[in-house]
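Hi everyone, thanks for making time for this one.

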Amino acid sequence: MVKPALRVEKIPPYLFARIDKKKTEAKSRGIDLIDFGIGDPDIPTPKNIIEKMKEAIYDPKNHRYPSYEGMLEFRQAVSEWYKKRFEVTLDPKDEVVTLIGSKEGIAHMPWAYVENGDIALVPSPGYPVYKIMTILAGGNPYIMPLKEENGFLPRFDLIPEDILYKAKIMFINYPNNPTGAHAKDDFFENTLKIAEKYNILICHDAAYSEIAYDGYKPRSILEFDKDKKYSVEFHSLSKTYCMTGWRIGFAVGNKDAIYNLGKLKTNVDSGVFQAIQVAGIEALTGSQNSVEDIKKIFQRRRDAVVEGLKTVGINVTKPLATFYIWAKVPEGYTSADFCEKLIEETGIVVTPGSGFGDEGEGYFRIAITIDEDRIDEAIKRLKSLKI
Ligand SMILES: *Cc1c(COP(=O)(O)O)cnc(C)c1O
């Protein structure tokens, strides 16, 4: 057999493999699984967006290669949405790029900025793409631990100065997957101070900026980086409009960063199917009632899970945003052991925190992407679990 490239061999093994095996085993034993594992909304894409797609798909001009940087009309829609939502002005021509889902842009960022031996600052626990793509690009990820006592925000004062001077990019993600944590204004201000002092490009993953509750309105880092000197922000239509399967997102912010990311992308992909971009314009500029409805559903589920967990002695912080609940595993278990026990004895599937990095050990993540009846059933089953 031909030996694969070292860079592929170096990718750490898939940490959810053990859980997947347990799931398959449990299913074959006829166990009715309740799956809180997947961070993928179970709610269908709003109808107005689907209708727009239906029209657009018949238009032959949408059947050809799209432009690399995305349709200008889509980028204009992003710019309008940003103005309305954050009071931030973006030039659709050179401060916005369309992405094939925000994961694609996030994954390409290290390729545009990280050279052999360069450092990227990445949070742990965190979305695995930041770290893995840094490694694949030949860089060294430097882990910023997100600890409960710090509100799951990184402590910049604990990062050695030589690391900060060497670092080229930093990934942050608020509202946060997997912890459900959010960042206050001073965090963004402090992050930008670090960016300025040490010349670091901040890559803010804002996939959950619209999934927030109890009147909380997440901020854009561009509200603080007024001249767009130090930051780019990644957004996704996946979570806001339940469009995970459609593959559309966008990056905005610093002109050079958008240019360099776009330049790299022209050599990798050929843009997003235009009909999907047309549907994306409808999502961003059409009625936002569906977003309100979706949030209400998640908010009710969040409350049901948090209250239910309390009745079985698991106390968690009620997240103000995202559709994740981050909970501590009971004393005496590793994340993986506890998650396996849950599947085996109750058929409940959750994600072991260790799958999001070493700092996630000791926790598990509940994605509230299933309906309330199933949540009630899960809580009932938990009551019979012997820990
Ligand atoms: C879901 C998610 C994304 C990626 O979403 P796309 O579907 O690729 O747009 C990015 N970051 C985080 C933290 C996510 O949870």
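Let me start with a question: how many Å separate a polar side-chain atom of R247 from an oxygen atom of the ligand? The answer is 2.7 Å. Before going on, a word on what you are looking at. This is a predicted model, where local features need pLDDT of at least 70 and side-chain atom pairs count only at pLDDT 80 or more, while totals for chains, interfaces and linings use all residues. Residues are numbered from 1 along each chain as its sequence is written, and side-chain values use heavy atoms, with hydrogens and water left out.

Let's stay with the ligand. It is surrounded by 14 residues, and the closest are D205, Y208, S236, S238 and K239; here a residue counts as near if one of its heavy atoms lies within 4 Å. D205 places a polar side-chain atom 2.6 Å from a nitrogen atom of the ligand. For Y208, an N or O atom of the side chain is 2.6 Å from an oxygen atom of the ligand. A polar contact, by the way, is a pair of N or O atoms within 3.5 Å; within protein, one must be able to donate a hydrogen and the other to accept it, and residues adjacent in sequence count only if both atoms are side-chain atoms. Taken alone, the ligand exposes 390 Å², and the protein buries 94% of that. Those areas come from the Shrake-Rupley method with a 1.4 Å probe, and for residues only the protein chains shown count as cover.

Which elements build the shell? Helices α5 (102–113) and α9 (237–240) each supply at least two residues, and α5 gives the most, with 3 residues. Helices (H or I, at least four residues) and strands (E, at least two) are DSSP runs, numbered from the N terminus.

Buried means under 20% relative accessible area, exposed over 50%, and partly exposed in between, with a 1.4 Å probe and protein chains only. Beyond its neighbours within four places in sequence, S238 is in contact with P41, M243, T244, R247 and I248, contact meaning heavy atoms within 4.5 Å.

M243 is buried at 0% relative accessibility, whereas R247 is partly exposed at 30%. R247 has a positive phi of about 65 degrees although it is not a glycine. K228 also has a positive phi without being a glycine, near 50 degrees; you'll find K228 in the loop between β6 (201–205) and β7 (231–236). While we are on the backbone, there are cis peptide bonds to point out: S124 to P125, with omega about 0 degrees, and N177 to P178, with omega near 15 degrees. As background, most residues other than glycine have a negative phi, and most peptide bonds are trans.

Now let's zoom out. The chain is assigned domain 1 (6–44 + 289–383) and domain 2 (47–285), with bounds from an automatic or database domain assignment. Their centres, taken over C-alpha atoms, are 25 Å apart, and the contact takes 31 residues from each of domain 1 and domain 2.

And what lies between the domains? The largest nonpolar core has 61 residues, and Y82 and L121 touch the most other members. By nonpolar core I mean a set of buried Ala, Val, Leu, Ile, Met, Phe, Trp, Tyr and Cys residues joined through side-chain atoms within 4.5 Å. The largest share, 7 residues, comes from α11 (274–285). Both domain 1 and domain 2 give residues to this core, so it lies between them. Y82 has contacts beyond four places in sequence that include E87, L90, F250 and V252. Apart from this core lies another, of 40 residues, among them C242, F323, V329 and I370.

One last stop: K295, in helix α12 (residues 289–311). Is this lysine buried or exposed? At 17% relative accessibility, K295 counts as buried, and its contacts beyond four places in sequence are E210, I211, A212 and Y213.
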